[in-house]
Amino acid sequence: MLRNPRGILYTGIAKDTERRLGEHNNGRGAKSTRGKGPWVLSHREGPFSHGDALRREMEIKALSKQQKDALIESS
């Protein structure tokens, strides 16, 4: 999960999280992150297989903001 200074959280999957974070911060990441950075890595899990990573991403996206914040704090 990534977080920006306004507290917005973004959840996604990547094999190379540092490279992907750089893409988000340089405007080459997901459309929803463009112009909203700088982003910082707040939570990372894995490694998972691609299918398991997609399932975990969907589980995290279904959490409330409070639950996501608690997940970040617990890691």
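Modeller: Two strands pair if DSSP finds at least two bridges between them. In this predicted model, β1 and β2 pair in the antiparallel sense over two bridges. Leucine 2 stands opposite tyrosine 10 in β2.

Biologist: In what order do the three strands of the open sheet lie?

Modeller: The order is β2-β1-β3, and the pairing is antiparallel. β2 and β3 (40–41) are the edge strands, each with a single partner, so one side of each has no neighbour in the sheet.

Biologist: Which residues of α3 are buried?

Modeller: Buried means under 20% relative accessible area. In α3, Lys68, Leu71 and Ile72 are buried. They cover an arc of only 100° around the axis, which means that they lie on the same side of α3. Gln66, Glu73 and Ser74, on the other side of α3, are exposed.

Biologist: Against which elements do the buried residues of α3 pack?

Modeller: Contact means heavy atoms within 4.5 Å. The buried residues of α3 pack against β1 (2–3), β2 (9–10) and α2 (50–61).

Biologist: Is leucine 71 buried or exposed, and what is its relative accessible area?

Modeller: Leucine 71, found in helix α3 (residues 65–74), has a relative accessible area of 17% and is therefore buried.

Biologist: Which residues is leucine 71 in contact with, leaving aside its neighbours within four places in sequence?

Modeller: With those neighbours left aside, leucine 71 is in contact with Met1, His43, Glu45, Arg56, Ile60 and Leu63.

Notes
Residues are numbered from 1 along each chain as its sequence is written. This is a predicted model: local features need pLDDT of at least 70, side-chain atom pairs count only at pLDDT 80 or more; totals for chains, interfaces and linings use all residues. Side-chain values use heavy atoms; hydrogens and water are left out. Helices (H or I, at least four residues) and strands (E, at least two) are DSSP runs, numbered from the N terminus. Buried means under 20% relative accessible area, exposed over 50%, partly exposed in between (1.4 Å probe, protein chains only). The arc is that of the directions from the helix axis to the C-beta atoms.
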